[in-house]
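Please look over the chain and its fold before reading on. The report below is meant to be read beside them.

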Amino acid sequence: MKNEIRALSLKDSVEIADHLMRLDKEARRFRFCCVPSDAYIQNYVSNFDWDCQILFGYLENNTVRAIVEVGWESWSFPRSGDLGMSVELPWRRKGVGSNLLNLTFEAARNRFVKEIHADCMAENKNAIALLRKFGFRFRYKGYLLNTSLELGWPEFQRESSATAKSFISNGTS
């Protein structure tokens, strides 16, 4: 079994869409704050602005099983990014999301993204716990939680964290 965490790019668009379409109804609702159709998801992925967005994925046997993405407006500086993440059910609570967030935050910081924002449904207890672990601040807004995390300025480290490497070498799935 081959496991890897790596940056995703335009060439991975089909695999990214396949991952998002494999999410069950609840996971789609938590990820998009609605239940999008497969056509919506395909359109969403085909409209990524790869110059203003970074995605990291967890792949098992070349199949994307989890994604963390941060996108920002090209004109803003310092940048403020929007976070999206999804982990397929069998890979949850195994460190996949934490490792992807660590790597994604490092890459975002190195692209001058100073703050990350995410909307999270109030009933998504797993995401809330994960974001809280990273120090996100929460503001309740009806059924949504507006969250934010200050990243600070770049450290210009390589975007292949030792944590992610040890995660992969241990064969964790």
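## Basis of the report

This is a predicted model, in which local features need pLDDT of at least 70 and side-chain atom pairs count only at pLDDT 80 or more, while totals for chains, interfaces and linings use all residues. Residues are numbered from 1 along each chain as its sequence is written, and side-chain values use heavy atoms, with hydrogens and water left out.

## The sheet and its edges

Seven strands make up an open sheet of mixed pairing, in the order β1-β2-β3-β4-β5-β7-β6; helices (H or I, at least four residues) and strands (E, at least two) are DSSP runs numbered from the N terminus, and two strands pair if DSSP finds at least two bridges between them. The edges are held by β1 (3-8) and β6 (137-141), each of which has a single partner strand, so one side of each is left without a neighbour in the sheet. From one strand to the next the twist averages 20°, where axes are lines fitted to C-alpha atoms, for helices over the stretch in contact, and angles run from 0 to 180 degrees between N-to-C directions.

## Strand pairings

Strands of a sheet pair through backbone hydrogen bonds, either parallel or antiparallel. Here β1 pairs with β2 (residues 53-60) in the antiparallel sense over six bridges, and L8 stands opposite L55 in β2.

The pairing of β4 (residues 79-87) with β5 (residues 113-121) is parallel and has four bridges, with I116 of β5 as the bridge partner of G81.

Helix α2 lies across β3, β4 and β5, and runs at about 175° to β4.

## Helix against helix

α1 (residues 13-22) and α3 pack at an angle of about 145°, with their axes 9 Å apart. The contact is made by S13, I16, A17, L20 and M21 of α1 and by D38, I41, Q42, Y44 and V45 of α3.

The axes of α2 (residues 25-32) and α3 (residues 38-46) come within 13 Å and cross at roughly 40°, and the two helices are therefore oblique to each other (angles under 35 degrees count as roughly parallel, over 145 as roughly antiparallel, 65 to 115 as roughly perpendicular and the rest as oblique). R28, R31 and F32 of α2 meet D38, Y40, I41 and Y44 of α3 in this contact.

Technical notes:
Contact means heavy atoms within 4.5 Å.
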